[in-house]
Amino acid sequence: MSTYVYGIARSTHPSPPEQVGGVGDPPQPVRVLRQGRLMALVSDAPESLRPKRRDLLAHQHVLRAAGAEGTVLPLRFGGLSPDDETLAAVLAEREDHYLERLGALDGKSEYNVKASHDEQSVLRRVLADDPELRAMAEAGRSDGDDSYEGKLQLGERIASAVRLREAQDADLLRAMLEVAAEEVSAGPQSTGWLTNLSFLVDGEHIAEFVAAVEAVRQEQPHLVLTVTGPLPPYSFVE
């Protein structure tokens, strides 16, 4: 049977409470696999593992419970090893690397920040920043120019200006937040937002990071921020 892996910690890390259930239905018991100076939090893997909400929450719950006792290198949902022996061999082979990561992540959490534009607000800002474009829009309204060509030209100019603004705002957001973080990791992009960044934040600087987020909201109201955290530092484990 395959071995499901939740995370990796130092061998001195306390074992998770017995009542913490893992993935699967019924939940698989979480156990500890020790190898040298490391341990892995594991369970038997269910026969057919799918990213169902119940199992995603179980994965997060195990990491949250273990993380409350000290630093854990979290694996993303779905981490499997063929068996315990193969996992132990990996831990032995990469022991120094995992210990280095554990030291680097001690006392730190991940905050994920996704940003998008409020359409009306960014449109007003784009027009305010570009007198020529603003004049085109005002002329179209005053002259009653509702021709297809006129609308197309204006629409293309506005779309181009918004795309440029997206790139500028992505850089601005990173610059305003990274000063309060230890590291930054760019996540996968999507059409749903203009940037997706994860910040590694020291526990002693969480208030500073939260204040930086609020400063962005106050100073850049055309940005819509979705902040998730504190999270296990998924984006900073190699």
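Tyr-6 counts as buried because its relative accessibility is 0%, where buried denotes under 20% relative accessible area, exposed over 50% and partly exposed the range in between (1.4 Å probe, protein chains only). The structure is a predicted model, in which local features need pLDDT of at least 70 and side-chain atom pairs count only at pLDDT 80 or more, whereas totals for chains, interfaces and linings use all residues. Residues are numbered from 1 along each chain as its sequence is written, and side-chain values use heavy atoms, with hydrogens and water left out.

Tyr-6 lies in strand E1; helices (H or I, at least four residues) and strands (E, at least two) are DSSP runs numbered from the N terminus. Residues up to four places away in sequence aside, Tyr-6 touches Gly-22, Val-23, Val-30, Leu-41, Val-42, Ser-43, His-59, Val-62, Leu-63, Leu-73, Pro-74 and Leu-75, contact being defined as heavy atoms within 4.5 Å. Tyr-6 and Ala-66 are 60 residues apart along the chain, and their C-alpha atoms are separated by 9.8 Å.

Helix H1 comprises the 15 residues 53-67, which at 1.5 Å a residue should span 21 Å; the end C-alpha atoms are 21 Å apart, in agreement with that value. The expected span is 1.5 Å times one less than the number of residues in the helix. Asp-55, Ala-58, His-59, Val-62, Leu-63 and Ala-66 are the buried residues of H1. These residues are on the same side of H1, because they cover an arc of only 130° around the axis, the arc being that of the directions from the helix axis to the C-beta atoms. Such a pattern can be read against helical geometry: an α-helix has 3.6 residues a turn, so residues three or four places apart point the same way. Arg-53 and Arg-64 are exposed on the other side of H1. The cover over the buried residues of H1 includes strand E1 (3-10), strand E3 (38-44) and strand E4 (73-74).

In helix H2 (residues 84-93), the buried residues are Leu-87, Ala-88 and Leu-91. They fall within an arc of 100° when seen down the axis of H2, and therefore line one face of the helix. The face turned away from this buried side carries the exposed residues Glu-85 and Glu-93. Packing against the buried residues of H2 involves E1, E2, E3, strand E5 (80-81) and H3.

Helix H3 (residues 95-105) has Glu-95, Tyr-98, Arg-101, Leu-102 and Leu-105 as its buried residues. Seen down the axis of H3, these residues fall within an arc of 130°, so they line one face of the helix. Gly-107, which follows H3, has a positive phi, near 75°.

Two cis peptide bonds are described here. One joins Asp-25 and Pro-26, with omega about 5°; Pro-26 is placed in the loop between E1 and strand E2 (31-35). The peptide bond from Gly-229 to Pro-230 is also cis, with omega near 0°, and Pro-230 is located in strand E9.

Strand E9 (residues 223-231) also contains Thr-228. Thr-228 counts as partly exposed because its relative accessibility is 35%. Beyond residues up to four places away in sequence, Thr-228 touches Glu-110, Tyr-111 and Asn-112. Thr-228 and Leu-177 are 51 residues apart in sequence, with a C-alpha to C-alpha separation of 14 Å.

Phe-209 is found in helix H7 (residues 206-219), and at 1% relative accessibility it counts as buried. Its contacts, not counting residues up to four places away in sequence, are Tyr-111, Val-113, Leu-177, Ala-180, Phe-199 and Val-201. The C-alpha atoms of Phe-209 and Val-237, 28 residues apart in sequence, are 21 Å apart in space.

The largest pocket has a volume of about 770 Å³. A pocket is an open set of points, on a 1 Å grid over the protein atoms alone, where a 1.4 Å probe fits, with protein on both sides within 12 Å along at least five of seven lines; lining residues have an atom within 4 Å of a point. Grid points are joined across faces, edges and corners, and the volume is the space filled by probe spheres set on the points. Of the 32 residues lining the largest pocket, Glu-110, Leu-231, Pro-232, Pro-233 and Tyr-234 lie nearest its centre. H1, strand E6 (108-117), strand E7 (183-186), strand E8 (195-202) and E9 each supply at least two lining residues, and the largest share, six residues, comes from H1. By class, this lining has 13 nonpolar, 14 polar and five charged residues, with Ala, Val, Leu, Ile, Met, Phe, Trp, Tyr, Cys and Pro counted as nonpolar, Asp, Glu, Lys and Arg as charged, and the others, Gly among them, as polar.
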